[in-house]
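Hello,

Here is the model I promised to pass on.

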Amino acid sequence: MTSMTIQARAPGKIILMGEHAVLHGCPAIATALGLYCTINVRPREDGRIELQLPDLNLHRCYTIQTLLDYVGRVRQSSAQSFAYQAGTDADRLIKCAIGEILLRLAPEDWRGFSLRVESSIPANAGFGSSGALAVSLAAALLRFFNLKPQQHPLEPLAMSIERYQHGQPSGIDHNTSLLGSTVERRPMANGSFKLISWPKSAAWLQLRDVELYDTGAARESTGQVIAATRYRLEGPDNPLLESMRHSAERFRSLLQRPVLMPETLKHLLRDYEHALESLGVVPQKIAKVIRAIERVGGAAKICGAGALSGDQAGALLVIGAPALPELAQFRRINAPLAVNGLEVSEK
């Protein structure tokens with residue numbers, strides 16, 4: 001165990017194309033977003049675990065056994081899927097994440113620590129807040145406890161933490177935070193998938209004029225939205241799924257073109273957005289804003305799971321609609337795309 005403070009920082013992400021369909025064997029492409037979750041871990045002498053969560057105005061202390069009991073109950077109640085269940089514990093995901101690391105340690109190696117979490121990533125809005133938390137927290141504690149990556153690889157650990165939030169995540173969120181730049185999740189013929197990390201320059205030309213907005217947190221978690229709608233993409237030769245697959249493949253090809261093609265980009269964004277609306281994950285209020293964008297010659301799509309109800313659907317990617325009044329109600333996200341992934345340091 002180190003006596004130094006460990007800092008780990010991981011970026012958020014947006015899914016450019018392929019959300020929902022990725023869980024049914026379609027490709028998905030995401031890019032790292034320059035908003036960050038930062039974890040600081042330092043040792044405590046009293047053996048307790050202190051959580052400092054200024055974004056949530058929370059400051060709590062737990063015994064190690066309390067956290068182990070907590071994560072055990074969550075595992076039992078969530079069965080094998082670890083599906084997220086909304087509750088009153090604002091620090092639930094963090095407690096589950098810490099529990100996952102403690103379960104990988106021998107009891108004689110348990111130590112107390114103070115953990116501070118600060119994040120500029122909007123929560124429950126498709127910007128990858130939980131994926132960035134999973135990656136940065138796991139990386140910080142693996143370094144703190146001096147766990148070797150050969151025996152305790154970071155990626156599957158972050159995936160196990162993501163399951164507490166999303167139930168059955170595709171894996172693209174935390175991998176984009178981990179790797180940075182642009183990441184493609186590509187299906188394989190045997191039913192598995194591979195992750196392709198694109199160079200930072202890839203895709204930048206076609207995306208240079210896009211804008212990002214936060215329409216607000218969805219009422220439902222990503223896991224809840226997926227569970228409620230995935231049946232609409234099931235079945236052989238599903239026309240909605242095939243439409244989404246076609247758009248995702250064309251989008252992938254477009255990003256590799258060396259010539260700027262804004263009209264083609266708009267066409268693909270409109271097609272995929274209409275598919276998401278058919279899936280039922282775009283609230284009516286957001287769809288009306290998108291129609292206004294389209295009427296002035298632009299295009300837009302939600303990025304992420306969307307929402308089943310309410311007036312908010314998280315991330316909105318827009319191109320070709322400068323100063324549109326309808327967009328003034330949303331927060332503009334002024335952060336770079338395709339940034340570097342996880343960074344870990346000691347101080």
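Below is what turned up, starting with confidence and ending with the salt bridges.

This is a predicted model, so to speak of a local feature I needed pLDDT of at least 70, and side-chain atom pairs count only at pLDDT 80 or more, while totals for chains, interfaces and linings use all residues. Residues are numbered from 1 along each chain as its sequence is written, and side-chain values use heavy atoms, with hydrogens and water left out.

The protein chain has a mean pLDDT (the predictor's confidence in each residue, from 0 to 100) of 91, and 96% of its residues reach 70 or more. Please take care with residues 80–84, where the pLDDT is below 50; in the model this stretch has 19 contacts (heavy atoms within 4.5 Å) beyond near neighbours in sequence.

The chain is divided into domain 1 (6–194 + 337–346) and domain 2 (201–333), with bounds that come from an automatic or database domain assignment. Their C-alpha centres lie 25 Å apart. Domain 1 brings 30 residues to the contact and domain 2 brings 44 residues.

Between them the two domains bury about 3,000 Å², with 67% of it on carbon and sulfur atoms; buried area is the accessible area (1.4 Å probe) that two parts lose on being put together, summed over both. On the domain 1 side, Met 17, His 20 and His 24 lose the most area to domain 2, together 24% of what that side buries.

Across this interface there are 10 residue pairs in polar contact, both residues at pLDDT 80 or more. A polar contact is a pair of N or O atoms within 3.5 Å; within protein, one must be able to donate a hydrogen and the other to accept it, and residues adjacent in sequence count only if both atoms are side-chain atoms. Of the elements on the domain 1 side, β1 (6–17) gives the most, with 4 residues. Strands here are DSSP runs (E, at least two residues), numbered from the N terminus.

Now the salt bridges (a side-chain nitrogen of Lys or Arg within 4 Å of a carboxyl oxygen of Asp or Glu). The whole structure has 22 of them. Glu 343 and Arg 9 form one, at 3.5 Å from N to O. Glu 343 is in strand β12 (residues 343–346) and Arg 9 is in strand β1, so this pair links distant parts of the chain, 334 residues apart. The interface between domain 1 and domain 2 has 3 salt bridges. Lys 301 also pairs with Glu 19 in a salt bridge, with the closest N and O atoms 2.8 Å apart.

Best wishes
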